[in-house]
Amino acid sequence: MYTFDSRVRYSETDERGLLSIGGIVDYFQDVSTFQSEELGVGIEYLKELDMLWVMSAWQIVIHRYPALGERITAGTFPYEFKGFMGMRNFFLDTDKGERLVEANSVWSLMNLKKGKPERLTPLMQERYVLEERLPMDYAPRKIAVPEGGERLGRFQVERQHLDGNHHVNNGQYIHMAMGYLPEDFVIGQMRAEYKKSAYLHDWIVPELVQDKDRATVSLCDGADYPYAVVEFTRK
């Protein structure tokens with residue numbers, strides 16, 4: 001298990017003065033990156049091998065949003081590897097041990113030169129210590145999109161949406177999808193399924209399906225194939 005301590009900053013809060021869902025995702029991306037870097041199997045190691053971890057799915061369950069100034073601990077650990085796939089849990093706790101957020105994620109290890117998935121290297125298998133997975137209610141990796149989606153215009157991928165791998169960062173899709181939620185929608189659970197990568201200047205066509213307690217946003221290309229599907233459940 002790897003953890004780091006922090007304090008909710010003003011820049012991470014939303015209009016309610018609470019840590020935003022985007023801020024939560026950023027903490028989780030950072031803590032997993034920190035762990036990989038300290039284990040010697042981080043970004044530079046992957047670059048040397050022309051490899052990349054690609055996010056396949058997120059499930060984030062929010063019990064309580066921490067407020068501005070609260071002291072928090074972000075943590076993560078892998079709990080299973082299957083061939084080229086890795087499963088990883090995350091959590092966010094207060095400094096007194098209250099569980100604020102818990103999450104599950106599924107990743108795929110890709111060989112960029114070959115353009116296909118690849119198994120973990122022996123060094124990765126040695127360095128990543130598997131732990132027992134969190135006792136949360138695990139949702140399916142794939143998201144069933146209800147029929148009757150409403151198209152909501154289109155927009156273009158800009159440079160601020162990209163990460164160091166030159167495609168849209170997985171957290172950016174969540175920010176994009178959140179823009180189509182009703183103003184009074186407080187997120188209790190967020191699920192995301194990633195289908196393919198979007199790049200600079202690609203056009204994204206959002207499609208929204210919603211009912212009383214759930215909203216599903218498909219972020220599609222011009223041919224109606226989704227780059228990502230993001231499902232929000234009301235708290």
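**Notebook: loops, charges and overall form**

I looked up D224 and placed it in the loop between β11 and β12; helices (H or I, at least four residues) and strands (E, at least two) are DSSP runs, numbered from the N terminus. I worked with a predicted model, in which local features need pLDDT of at least 70, side-chain atom pairs count only at pLDDT 80 or more, and totals for chains, interfaces and linings use all residues. Residues are numbered from 1 along each chain as its sequence is written, and side-chain values use heavy atoms, with hydrogens and water left out.

**Entry 1: positive phi**

I read a phi near 70° for D224, a positive value in a residue other than glycine. D224 has a relative accessible area of 40% and is therefore partly exposed; buried means under 20% relative accessible area, exposed over 50%, and partly exposed in between (1.4 Å probe, protein chains only). I then turned to H201, in the loop between β9 and β10. Its phi is near 75°, again positive in a residue that is not glycine. H201 is partly exposed because its relative accessibility is 46%.

**Entry 2: L162**

I located L162 in the loop between β8 (155-156) and α4 (170-178). Its relative accessibility is 22%, so I recorded L162 as partly exposed. Leaving aside residues up to four places away in sequence, L162 touches V157, H167, V168, N169, Y199 and L200; a contact means heavy atoms within 4.5 Å. I also noted a separation of 9.0 Å between the C-alpha atoms of L162 and A198, which are 36 residues apart along the chain.

**Entry 3: salt bridges**

Side chains of opposite charge can pair when their charged atoms come close. My search of the whole structure gave 18 salt bridges, each being a side-chain nitrogen of Lys or Arg within 4 Å of a carboxyl oxygen of Asp or Glu.

I examined D221 and K196, whose side chains meet at 2.6 Å, N to O. This pair links distant parts of the chain, 25 residues apart: D221 lies in the loop between β11 (214-220) and β12 (226-234), and K196 in the loop between β9 (187-194) and β10 (203-210). D221 counts as buried because its relative accessibility is 10%, whereas K196, at 34%, counts as partly exposed.

Within helix α2 (residues 43-48), E44 and K47 are three residues apart, so about one helical turn separates them. They form a salt bridge with closest N and O atoms 3.9 Å apart. K47 counts as exposed, at 52% relative accessibility. For K96 and D95, I found a salt bridge with the closest N and O atoms 3.8 Å apart; K96 is exposed, at 75% relative accessibility.

**Entry 4: the whole protein**

I counted four helices and twelve strands. The C-alpha trace spans about 45 × 45 × 30 Å along its principal axes. The radius of gyration is 18 Å, which agrees with the value near 18 Å for a compact globule of 235 residues; it is taken over C-alpha atoms, and the globule rule is 2.2 Å times the number of residues to the power 0.38. Of the 235 residues, 49% count as buried. Among contacts between residues at least 6 apart in sequence, 71% join residues at least 24 apart.
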